Amino acid sequence: MHELFLTYMIEDHARNKSISILSKYCDMAPKPVLRRRLIWHAPLEGKRGIVQSAPKPPVKSQDIHWKNLNEQLGRQAYVVVLNYDIKKENFSLVDTVDGGEIKTTNTIDCNDTPGTLIWADVPLPGENQHVNNREMIRIENQRGLCNLMQANNYRYMGEMIEEGHMFVHDHIVIYVTRMLPIVPQSRDEKLLVNQPLPLYESLRPFDPAKKWTMIAKVDVGDPKYIQEAKEMLLALQNEFLGCFNIKAMDRFDFDTRVRA
């Protein structure tokens, strides 16, 4: 699959107005986005493909995705992301009882929870690339993904919470999101895959400027439709002039290769 996309950064103070504009433009209420993003790095040496007992796909057509994933990961050390949809009630809570505070933690076992594995290549090069275009493999509704990554010697690097809104306009999906990293409380704290989620109120944006990322994207399964997808995004870019300056970014801003 190819993902074609354009990007724009929204100031935090302009976020509500931007959501209102997109709601009217897409003629829909914003769909909330809240998910855990677990980050894994491929080993720099040895086998890097997913070669050990992949979870059995619930849909037969996903077999080809596992095969393609293994081939792509085998040629280069990449970052792989596991996404899990969550709700606000999945975060830890603090209740006041008899004048004292009681913290209630909530642990989600990612191996028992269906998740989505995502691999994305570096966007294609080209001086005249008016739209970012990258290969992507997305395998949805899978259990046991963390065990699978560990079995293949992928290194767990931590997680972020992605929150925001999603809109749909014809074949274009528009996201307005920000990343909230889950930071260890101390340098000695070991990174755990199934650590309890912290208090939601304790999270801080990854971007010091607190900007939100707007991405307008089209997923293309058949390469013969890539040009049509480009034209859709460029038409949207023209309609958004003066409001959202969505554009192709430097391809290396989306570099997913693991460095030594």
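## Rings that gather

Tyr8, Tyr25, Phe240 and Phe244 come together as one aromatic cluster. Please keep in mind that you are looking at a predicted model. A search of the whole structure turns up seven aromatic pairs. One of them joins Phe5 and Phe254 in an edge-to-face arrangement, with 5.0 Å from centre to centre and 85° between the planes. Phe5 belongs to strand β1, while Phe254 sits in the segment after α4 (residues 226-239), so this pair ties together parts that are 249 residues apart in sequence. Both Phe5 and Phe254 are buried.

Lys88 lies over the face of Tyr200, 4.3 Å from the ring centre.

## The barrel and its helices

Now step back to the strands. Eight of them close into a barrel, in the order β1-β7-β6-β3-β2-β8-β9-β10, with antiparallel pairing. From one strand to the next, the twist averages 35°. Helix α1 (residues 15-26) packs on the sheet, where it touches β1 (2-10), β8, β9 (172-181) and β10 (212-220). The direction of α1 makes about 50° with that of β8. Helix α2 (residues 63-75) lies across β3 (79-85), β6 (115-120) and β7 (132-142), and runs at about 125° to β7.

What holds neighbouring strands together? Strands of a sheet pair through backbone hydrogen bonds, and the pairing can be parallel or antiparallel.

## Following strand β2

Strand β2 covers residues 31-41 and pairs with strand β8, residues 155-169, over 11 bridges in the antiparallel sense. Strand β2 also pairs with β3, again antiparallel, over seven bridges. The table gives some of the residues that face each other.

| Residue | Partner | Strand of the partner |
|---|---|---|
| Val33 | Gly164 | β8 |
| His41 | Val79 | β3 |

How many of the 11 residues of β2 are buried? The count is eight, so β2 is largely enclosed by the rest of the structure.

## A closer look at His165

Is His165 buried or exposed? The relative accessibility of His165 is 17%, and because a residue under 20% is called buried, His165 counts as buried. Leaving out residues up to four places away in sequence, His165 touches Arg15, Ile19, Pro30, Lys31, Val33, Ile174, Tyr175, Val176 and Thr177. His165 and Leu34 are 131 residues apart in sequence, yet their C-alpha atoms are 8.5 Å apart in space.

## Cysteines without a bond

Finally, what about disulfides? The count comes to zero. Cys146 is in no disulfide, and the nearest cysteine sulfur, which belongs to Cys110, is 4.6 Å away. Cys146 is buried, with a relative accessible area of 0%. Cys243, in contrast, is partly exposed, with a relative accessible area of 34%.

Definitions and conventions:
Residues are numbered from 1 along each chain as its sequence is written. This is a predicted model: local features need pLDDT of at least 70, side-chain atom pairs count only at pLDDT 80 or more; totals for chains, interfaces and linings use all residues. Side-chain values use heavy atoms; hydrogens and water are left out. Two strands pair if DSSP finds at least two bridges between them. Helices (H or I, at least four residues) and strands (E, at least two) are DSSP runs, numbered from the N terminus. Axes are lines fitted to C-alpha atoms, for helices over the stretch in contact, and angles run from 0 to 180 degrees between N-to-C directions. Contact means heavy atoms within 4.5 Å. A disulfide is a pair of cysteine sulfur atoms within 2.5 Å. Buried means under 20% relative accessible area, exposed over 50%, partly exposed in between (1.4 Å probe, protein chains only). Rings of Phe, Tyr and Trp (its six-membered ring) pair if their centres lie within 6.5 Å; planes under 30 degrees apart count as stacked, over 60 as edge-to-face and the rest as tilted. A charge sits over a ring if NZ of Lys or CZ of Arg is within 6 Å of the ring centre and within 35 degrees of the ring normal.
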